[in-house]
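User: I would like to go through the terms used for this model and see what stands behind each of them. Please set the values against the definitions.

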Amino acid sequence: MTPARRRVLRRLERTLFWVLLGIIVLYLIFPFYWAIRSAIVPDSVQFATPVVYWPADPTLDNFRKVIASGQFRRAVLNSTIVAGSVTLLSLLVGALGAYALGRFSFRGRTPVRYVILSMTMFPSVSVLGGLYTLITQFGLYNRLGALVYSYLIFTLPFTVWVLMTFFRQLPRDLEEAAYVDGATPFQTFWRIMLPLSAPGLVTTGLLAFIAAWNEFLYALSFTQTPDKRTVTLAIFYFSPQTGGGFEIPWGQMMAATVLVTLPLIVLTLIFQRRIIAGLTAGAVKG
Amino acid sequence: MDTTERPIATATARAIPRRRIGGMTLAERQAWTGWLFLLPALLVVIGVAMVPLAQTVYYSFTDKRLGALQATNWIGFENYRFLLRDNLWWSAVRVTVLFTVVTVIAEFALGLLIALVVNSRFRGRGLMRAAMLVPWAIPTVLSAQMWKWMYNDIFGVFNDMLRRLGLIEQNIAWLAKPSTALPAVMAIDIWKTTPFVALLLLAGLQVIPEELYEAATVDGASRIRQFLVITLPLLRPAIAVALIFRSLDALRAFDVFYVLFGARPDTQTMAVYAQNNIVAFSDVGYGSAISVLIFLIIAIFVVAYVTSLRVEAES
């Protein structure tokens with residue numbers, strides 16, 4: 001191959017690379033762009049053909065309507081309460097259990113580890129019948145408590161597993177120094193190990209929060225009235241607020257979607273390194 | 001605690017396993033504390049997962065109906081026998097399996113491509129990695145609604161694009177017929193989870209030592225040969241994890257199908273069929289039998305996964 005031809009080939013390879021990258025980025029981004037575009041156009045543009053790709057006169061009307069809607073605000077509050085409680089509970093109970101599984105050696109530890117690991121892959125639909133009856137029997141049906149209770153099924157095992165791998169990586173010295181100084185195991189856990197594992201707590205907490213915030217199956221099954229809806233349910237049941245003659249107010253729905261997604265995107269971008277580390281610790285390293 | 005029993009400063013807790021504290025050896029004490037610390041988590045696991053699971057299995061052998069006045073009867077394998085002859089169930093199995101096979105293969109192929117592209121050094125790579133997490137972070141329900149709007153038969157952007165490109169003449173109601181509805185739902189799942197697969201594979205790619213490629217280049221191996229001989233074999237663990245994780249998720253798919261179609265008979269998955277029987281029809285017995293089958297199918301994958309990790313977990 002002559003040097004000239006090699007140069008052409010290399011340039012071709014480079015171009016192909018950027019074209020490929022461009023297509024990938026477009027494929028990832030376009031649906032988001034479309035949600036935003038649909039959120040900022042008035043209904044007269046929204047429901048017109050041919051489709052307008054770049055809105056000439058954007059408006060925040062849809063956002064105003066959504067924010068003014070009591071149902072949407074209620075849903076955000078409900079989701080925050082549920083996801084917040086689930087995250088706190090999982091971290092508290094999970095860190096304690098993870099410390100035991102990661103740092104203490106005792107008979108029966110390995111089977112418990114396997115049970116926890118298997119449970120991180122537990123399909124939530126497989127216990128729906130039992131949970132549904134339990135929740136009805138205890139009078140939890142159509143209460144946010146039912147969601148906090150049932151969401152632990154997927155947040156807790158995950159929290160224990162990831163925090164356990166985290167605790168196992170911490171150096172022994174500090175812990176031993178604490179024991180030598182006469183600290184009880186709980187004091188050692190609370191004062192030494194927990195602060196040391198703060199980065200792990202942030203990551204797992206965030207992942208648990210996102211999982212609870214995004215949940216749909218249990219929210220759909222265990223609640224009934226609009227005042228108990230979480231964000232995912234509210235957007236699923238999106239109903240006309242103004243009744244402009246169209247069945248579904250897509251503009252408002254997209255505005256709500258953008259509003260709900262934005263904080264998640266910001267959080268994900270801020271903590272992306274930790275999230276990737278947490279996800280791969282849960283998945284690849286086992 | 002007796003102060004004389006306290007170990008002297010040089011001795012570590014591990015170095016004195018036989019010393020007795022409070023009538024117990026240190027090992028016994030450690031076991032005791034370990035179980036004590038584990039107790040809250042175990043109680044939650046039992047209350048939230050084990051008891052409901054046992055109940056679900058039990059109900060699957062009964063004709064339990066929620067809110068019914070008549071007593072619940074033990075009917076043995078009747079629910080399972082009925083499932084064998086239930087066309088709706090078999091349709092749900094077909095939909096789920098098709099969905100799983102197509103999306104897992106597509107997500108793997110595309111994810112590998114994306115991982116390879118992102119793994120090469122270029123400006124804005126960090127940004128790209130961050131952007132890849134975004135579809136993963138947003139709720140499936142929301143992404144399903146976003147796409148449902150793009151698929152709209154009258155005002156949807158897809159129909160418009162395809163018409164502008166001259167690929168179709170009439171707008172298509174993508175979600176109406178199973179022949180287009182299933183590919184449509186697959187496209188959403190592929191969009192949402194391919195980046196996640198790519199991130200898992202990327203993590204695997206980044207631990208492959210650079211020297212291997214350098215040595216191969218010196219030896220005159222082509223790029224394709226390097227990929228086949230170095231990259232693929234060393235990426236095997238990451239590939240296995242990605243494939244199993246995706247299969248697990250696809251087999252229990254619920255959200256995206258329910259948002260797009262509700263419990264429409266021709267496009268429901270196993271999970272949708274189970275949920276609909278339990279909640280909408282209050283037929284807890286029959287729905288539980290479906291749940292148990294889903295559980296068993298997924299358990300096979302979980303066992304495969306856990307055994308493949310055993311070596312590492314033991315260490």
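User: What makes residues of chain B count as in contact with residues of chain A?
Analyst: The model is predicted, with pLDDT of at least 70 required for local features and 80 or more for side-chain atom pairs, while totals for chains, interfaces and linings use all residues. Residues are numbered from 1 along each chain as its sequence is written, and chains are lettered from A and ligands numbered from 1 in the order in which they are written. Two residues are in contact if their C-beta atoms, placed from the backbone, lie within 7 Å. By that rule 79 residues of chain B touch 84 residues of chain A. Helix H1 (residues 26–59) of chain B gives the largest share of chain B's side, 19 residues.

User: How do you know which residues on that side of chain B are nonpolar, polar or charged?
Analyst: Ala, Val, Leu, Ile, Met, Phe, Trp, Tyr, Cys and Pro count as nonpolar, Asp, Glu, Lys and Arg as charged, and the others, Gly among them, as polar. Sorted this way, the side of chain B that touches chain A has 60 nonpolar, 13 polar and six charged residues.

User: Why are H5(A) and H7(A) called oblique to each other?
Analyst: Angles under 35 degrees count as roughly parallel, over 145 as roughly antiparallel, 65 to 115 as roughly perpendicular and the rest as oblique. The angles run from 0 to 180 degrees between N-to-C directions, with axes fitted to C-alpha atoms over the stretch in contact. Helix H5 (residues 109–119) and helix H7 (residues 144–169) of chain A cross at roughly 125 degrees, their axes coming within 8 Å. The pair is therefore oblique.

User: Which residues make that contact, and of what class are they?
Analyst: H5(A) contributes Ile116(A), Leu117(A) and Met119(A), and H7(A) contributes Pro157(A), Val160(A) and Trp161(A). The contact has six nonpolar, no polar and no charged residues.

User: What is known of the packing between H13(A) and H5(B)?
Analyst: Helix H13 (residues 250–270) of chain A packs against helix H5 (residues 140–150) of chain B at about 145 degrees, with the axes 10 Å apart. Trp250(A), Met253(A), Met254(A), Thr257(A), Val260(A) and Thr261(A) meet Leu142(B), Gln145(B), Met146(B) and Trp149(B).

User: Where do the domain bounds of chain A come from, and how far apart are the domain centres?
Analyst: The bounds come from an automatic or database domain assignment, which gives domain 1 (3–39) and domain 2 (61–283) in chain A. Their C-alpha centres lie 36 Å apart. Four residues of domain 1 are in contact with eight residues of domain 2.

Key. Helices (H or I, at least four residues) and strands (E, at least two) are DSSP runs, numbered from the N terminus.
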